[in-house]
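Work through the exercises below with the model open. Try each task before reading its solution.

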Amino acid sequence: LTACATESTDDTAATTAEAGGDRSEPATEHSEGADDTAATAQAADLRAGLNTLLAEHVFFAGAAVNEALQGNTAGFEAAAGALDENSVALSEAVGSVYGPEAGEAFLGLWRSHIGMFVDYTQATAAGDKAAQDKAVADLTGYANDFAVFLSGANPNLPEETVEQLVVEHVVSTKDAVDALASGDAAKGFSEFREAIAHMHMIGDPLSAAIAQQFPEQFSTGTSEAASALRTQLNVKLAEHVWLAGAAVNEAAKGNTAAFEAAAGALDGNSQDLAGMVGSVYGPEAGEAFLGLWRAHIGMFVDYTQGKLAGDDAKAAKAEQDLAGYSRDFAVFLNGANDNLPVEDVQALLEEHVASTKGAIDAVVGGEGNPFVALREAGQHMSHIADPLAAAIATQQNL
């Protein structure tokens, strides 16, 4: 990961200024080679996608930091690999709008700031104040360079505004690193949740500015309320998977304190989701949701414990319970909203169970990259978030 950050802040500033340039129109390559989906995309698609990728960036950065601070080199490299997959996905999103050169320039800048966080983490672990200060100074310079890049690509993104938002991202992530480095796992996971939540302050204005710049590509037919609901559900449901994976990872390492911290963060996510349900269907529905949701998390805990202990009967019982849960939860959602057919919802939940189970198996079995498997399971949650948000928007006339 550190090797990715090969350019200095000054070098990347020159590169991005050249690549970002003054792009009031999409790059020629994109304009001539775009497929029909680009012309019919919704601004809401862009918003949900960017916000989820940016939130994912923070989670996997946190996972890499956590592994590094625990001295787990293999775990760090695995998390860093998933984090770089996220970086490439973000660069491809930028390149799809502004052309491949801008996408490559973005990737270089983005990787450089990850390298700076690696430097800060290493300095913090070593108690090297001078190296910490240098990493913070580098990150501050990066915030300016990144603002220049985005403002050069899109005049709807003022430099000063973007720089301030990136500085806030840097500060919130730095606070989380500091909390983990202090040995306070609960505070560390809490701070990383806050850093994840902060990313909408970048994702929302960035997606809005792109849609405003290219109205012929991004239809704004979806209401603000429906778009916001869809984005929030995508991020919260993906975060559910990420934090569940973090808890499983800590359990597999026998790290009780970190497991409890991750489990606490996961329950905070569950309460957030229940609050969203309650805000639409009332507090009783929110409480019913929370009970069901916590139950399926407990089933995943049972499955994990069974796999770790080599107890095939316990793991099989948990799988059976999760199959029943998929049906029960589908019935619950259909009872609240008849735009959600039981069979369709059940099938989507079964996919969630299968993808999350696959990630658990990767952690416990040590085969492949468990963080990549976790990333794939998180990405699947859009298959639930999107139709759920659409059904609620239809029912509530959002």
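Axes are lines fitted to C-alpha atoms, for helices over the stretch in contact, and angles run from 0 to 180 degrees between N-to-C directions. Helices (H or I, at least four residues) and strands (E, at least two) are DSSP runs, numbered from the N terminus. The model is predicted: local features need pLDDT of at least 70, side-chain atom pairs count only at pLDDT 80 or more, and totals for chains, interfaces and linings use all residues. Residues are numbered from 1 along each chain as its sequence is written, and side-chain values use heavy atoms, with hydrogens and water left out.

**Exercise 1. Classify the packing of H11 and H12.**

Step 1. Locate the partner: helix H12 covers residues 256-281.
Step 2. Take the geometry. The angle is about 160°, and the axes lie 8 Å apart.
Step 3. Apply the classes: under 35 degrees is roughly parallel, over 145 roughly antiparallel, 65 to 115 roughly perpendicular, and the rest oblique. H11 and H12 are therefore roughly antiparallel to each other.
Step 4. Assign the hand. A crossing is left-handed if the near helix is turned anticlockwise from the far one by less than a right angle, and right-handed if clockwise. For H11 and H12 the crossing is left-handed.

**Exercise 2. Describe the aromatic pair of Phe 60 and Trp 242.**

Step 1. Rings of Phe, Tyr and Trp (its six-membered ring) pair if their centres lie within 6.5 Å; planes under 30 degrees apart are stacked, over 60 edge-to-face, and the rest tilted.
Step 2. Count: the structure holds 15 aromatic pairs.
Step 3. Classify this one. Phe 60 and Trp 242 are 6.5 Å apart centre to centre, with 65° between the planes, and the pair is edge-to-face.
Step 4. Phe 60 sits in helix H4 (residues 43-69) and Trp 242 in helix H11 (residues 224-252), so the pair ties together parts 182 residues apart in sequence.
Step 5. Check burial (under 20% relative accessible area is buried, over 50% exposed, partly exposed in between; 1.4 Å probe, protein chains only). Both Phe 60 and Trp 242 are buried.

**Exercise 3. Do likewise for Phe 106 and Trp 110.**

Step 1. The pair is stacked: 5.3 Å centre to centre, 15° between the planes.
Step 2. Phe 106 and Trp 110 are four residues apart in helix H6 (residues 100-126), about one helical turn.
Step 3. Phe 106 is buried at 5% relative accessible area; Trp 110 is buried at 4%.

**Exercise 4. Summarise the whole protein.**

Step 1. There are 17 helices and zero strands.
Step 2. Of 398 residues, 52% count as buried.
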